[in-house]
Amino acid sequence: MGRARVSTPELVAGRYRLLEVVHRETNRVCWSGQDAGTGRPYLVTRVGLPQEQPGAHARRTAGRVVRTCETVQSLCPGRIAEVVDAVVADGALWTVTEWVGGVPLGELLDRQGTFGYVRAARIGLELLDVLEAAHDQGVVHGELSPGQVFVGEEGSVVVTGFGLAGATLAARLTAPSYASPEQARDERIGPAADLWTLGALLYTMAEGRPPFRDRGRPETTLKGVDRLPLRTPVRAGPLTQAVRGLLRKDSRERLSRPVVREALTRVLTEGADAPVREVPHPRLRGARAAARHVSREWSRRTTAAGAVLAVVAVTVAVLAVLAVTHGLPGTGGESATGTRDRPSAPTTTPSRDATAPSSPSPPPSTTPPPPSGNAVPAGFRRHEAPEGFSVALPEGWRRLDTSRVPDGAYRVVFGASDDPRTLAVTYSERAGTDPVTVWRDDVEPGLQRSGEYRRIGEIHATTYRGREAADMQWVAGDGGTRSRTFGRGFLLGDGRSFSLRWTTPAADWDDTANERALAALLKTFREAPE
């Protein structure tokens, strides 16, 4: 039986010595601890309370945590860490739990980046079991986060932190990035709030970052959770629909537990015999430096080639064609600065005003699809490049510029003297493992130093001829001349990659001829077989 009391000695609760920090989250620190008398190991967690509380209220808060954890532990033995003591001292709630033989999920993510779909689904199902047992008895966790989930070596999950929700008047005591929108609005919460957080944890395991970033101040973070759109998942694969269904702002529209269980079980069943590649993702505080170290070639090679191309634009109507032939996902979401990028609409054609990408979209495009197979469309001819690739170019186009570096990388620019459009093909042998990261952390910073650069929408993870790829669009220009660029980068394996950039005057980007040219280039590009 756990006990609750209030005390302010040098040792926590008069007997527990803090040894070392196990994990940190916003407003929450977890230590390995030790009973000063018996030497028995414990986990000791400090949660900052929003304000000083009188003794009677402090006792109720500590007692609530102990009682709730005892209730859930009896429902789900072995999955809930036993709380042996709880104390409020110096404006903080301290909980002492049995030693958990595992690593906090947040620490695992810091070490490993992202998880494969199967591993994420397995952890998700274990969490769903715990939540289901609690919800069936009317208990809501309300504070679930990567630091409250401990993962054992064999993959088992132990959950801590029950009883914190509602113990004070605070909407969310710890890890506000994982709060549900109703918590962010300080509304009464129910089981749907825990399902939201389950979706946020699945998102984090797949993407390597929470769906809504921490903004320093809890109230600012909570405001972002409530008001900002979801950043589109790009690595979630077969988990995507479940994640999006759990992260619906309206709690009444979220997926039910049976539907979530079926979706996660399907991922386990279909992926059990297939190897799942873990996608490396560096720690957040070193993400940019790490990405530059391993995957800087797309930007460095283009810089070495000379001036940045008159940059580009591609109609979203073109993307409607590409969405059919190359599986281009939708867009929308929170930008790196926290502002909302306008969602692109892959099935519509925006206004001709290429300098104002935030304008509303008119009716759907009726542009015909590109030619199929290896066929070269009328008005094009196949160019066999000695570097080891081929592509169908418009009649009259030729090689305008070639740049090479000693390590085998090169850049070739194609065009015609009487045609303002260009195609740049860049090859690298030192690319990173994530095409989205290459565009975001390597290419984009250089573009931002060019004239009046503006990215359009999100960077999309996609596939191209069965390979990992990512697409980015942007507008740029100096001296009143605006251009738009569609860029596609894709990985060949062993560090090798290609990127294709199609650039056209912004005013011409939605011309039918331009749309068909881009579609034909993407359809006919071939790298030489190994």
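The charged end of Arg119 sits over the ring of Phe115, at 4.0 Å from the ring centre; a charge sits over a ring if NZ of Lys or CZ of Arg is within 6 Å of the ring centre and within 35 degrees of the ring normal. The ring of Trp509 has the charged end of Arg484 over it, 4.2 Å from its centre. The model is predicted, so that local features need pLDDT of at least 70 and side-chain atom pairs count only at pLDDT 80 or more, while totals for chains, interfaces and linings use all residues. Residues are numbered from 1 along each chain as its sequence is written, and side-chain values use heavy atoms, with hydrogens and water left out.

An open sheet is formed by 7 strands in the order S14-S15-S16-S20-S19-S18-S17, with antiparallel pairing. Strands S14 (398–404) and S17 (454–464) stand at the edges with a single partner strand each, so one side of each has no neighbour in the sheet. Strands are DSSP runs of E of at least two residues, and helices are runs of H or I of at least four, numbered from the N terminus; two strands pair if DSSP finds at least two bridges between them. Strand S16 (residues 419–428) pairs with strand S20 (residues 496–505) in the antiparallel sense over 7 bridges, and Thr422 stands opposite Thr503 in S20.

Helix H12 (residues 435–448) packs on the sheet and touches S17, S18 (467–476), S19 (483–493) and S20, contact meaning heavy atoms within 4.5 Å. The direction of H12 makes about 25° with that of S18; axes are lines fitted to C-alpha atoms, for helices over the stretch in contact, and angles run from 0 to 180 degrees between N-to-C directions. Helix H13 (residues 512–524) lies across S16, S17, S19 and S20, and runs at about 170° to S20.

A search of the whole structure finds 15 aromatic pairs, that is, rings of Phe, Tyr and Trp (its six-membered ring) with centres within 6.5 Å, counted as stacked with planes under 30 degrees apart, edge-to-face over 60 and tilted for the rest. Phe389 and Phe498 form an edge-to-face pair, with ring centres 6.0 Å apart and planes at 75°. This pair links strand S13 (residues 389–394) to strand S20, 109 residues apart. Phe498 is buried at 3% relative accessibility, buried meaning under 20% relative accessible area, exposed over 50% and partly exposed in between (1.4 Å probe, protein chains only). Phe498 also pairs edge-to-face with Phe525, at 5.2 Å centre to centre and 75° between the planes.
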